[in-house]
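Have the coordinates open as you read.

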Amino acid sequence: MSSPELLLQVLRTQMRAAGVTYKMLAERIAMSESSVKRMFGQQDMSLSRLAQICKAAGVPMEDVLRGAADATPQADRLTLTQEKSLLANPKLLLMAISCLGHWTLEQVLETYELTEPECIMLLAELDRLGLIELKPLNRYRLRVSNAFRWLPDGPVQQFFRDHVVDDYFGGSFDGAGETLLCLPARLSAPSAQELVGRIQQLSGELARLHQGDRRLAPQERDGFTLLIGFRSWEFAAFTALRRSPTK
């Protein structure tokens with residue numbers, strides 16, 4: 001689907017949600033209903049006309065643009081080369097994770113000891129790597145989807161395993177909105193696969209909430225990390241206590 005087609009599809013969806021028909025829109029912008037339908041059908045609309053229609057329909061233009069950007073097909077993963085490039089520079093990995101969290105340049109500068117020129121160079125490098133599309137005024141759009149995952153057992157996941165897991169689980173998990181569970185069970189292969197599907201649904205729900213809360217002010221949000229592991233495993237100290245197989 002082309003960008004204009006996608007943009008107008010989002011606009012039509014927003015209009016339907018607002019209860020605005022082609023006939024109502026035509027009256028508001030002083031055009032015939034057939035002309036409005038033809039304009040949408042030909043997918044030929046200037047930016048000024050788009051702004052006029054959004055205003056007449058009571059649909060924020062930024063919502064239409066954001067909706068089109070979110071609906072654009074995007075990659076779910078980086079390549080091995082891309083991940084290695086991130087790990088070659090800790091500051092680049094920091095900026096990548098900040099971008100995945102939709103931080104602005106201003107938020108990064110307020111939080112970390114990085115200069116503005118450094119941040120701009122890092123954003124430019126992320127653009128070159130294909131993680132983001134750098135826009136004017138140092139804004140950006142992610143080139144990865146809401147279902148983005150690091151490569152299984154890839155460089156970044158290995159880095160997290162070596163340097164992040166102990167730090168993450170060293171917390172008390174007793175704060176507001178925090179929890180820690182370790183639940184053993186004996187399952188069949190189909191049941192285990194069913195649970196994996198549920199976990200994937202949970203990650204999708206996290207992406208949905210994350211996307212929705214982007215509209216809130218920065219001070220109304222906090223950084224949370226969901227770290228999930230599920231595999232056939234037994235604590236080594238318990239394995240050592242197992243009975244030897246009967247011969």
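## Domains

How far apart do the C-alpha centres of domain 2 and domain 3 lie? They sit 26 Å apart. The chain is split into domain 1 (4-71), domain 2 (76-150) and domain 3 (171-246), with bounds taken from an automatic or database domain assignment. Six residues of domain 2 and seven residues of domain 3 make the contact (heavy atoms within 4.5 Å).

About 500 Å² gets buried between domain 2 and domain 3, and carbon and sulfur atoms give 42% of that; buried area is the accessible area (1.4 Å probe) that two parts lose on being put together, summed over both.

## Ground rules

This is a predicted model, so local features need pLDDT of at least 70 and side-chain atom pairs count only at pLDDT 80 or more, while totals for chains, interfaces and linings use all residues. Residues are numbered from 1 along each chain as its sequence is written, and side-chain values use heavy atoms, with hydrogens and water left out.

## The cavity

Searching the whole structure turns up one cavity of 30 Å³ or more. A cavity here is a set of points on a 1 Å grid over the protein atoms alone where a 1.4 Å probe fits but cannot get out; lining residues have an atom within 4 Å of a point. The largest cavity holds about 30 Å³ of space, a volume being the space filled by probe spheres set on the points.

Its lining is M95, S98, C99, W103, T104, L105, V108, L123 and Y140. Two elements give two or more residues each: α7 (90-100) and α8 (105-111). α7 gives the most, with three residues. (Helices are DSSP runs of H or I, at least four residues, numbered from the N terminus.) By class, the lining has seven nonpolar, two polar and no charged residues.

## Salt bridges

The count comes to eleven salt bridges, each a side-chain nitrogen of Lys or Arg within 4 Å of a carboxyl oxygen of Asp or Glu. Across the interface of domain 2 and domain 3 there are zero.

One of the pairs is E125 with R128, with closest N and O atoms 2.6 Å apart. E125 and R128 are three residues apart in helix α9 (residues 116-129), so about one helical turn separates them.

Key:
On a 1 Å grid over the protein atoms alone, a cavity is a set of points where a 1.4 Å probe fits but cannot get out, and a pocket is an open set with protein on both sides within 12 Å along at least five of seven lines; lining residues have an atom within 4 Å of a point. Ala, Val, Leu, Ile, Met, Phe, Trp, Tyr, Cys and Pro count as nonpolar, Asp, Glu, Lys and Arg as charged, and the others, Gly among them, as polar.
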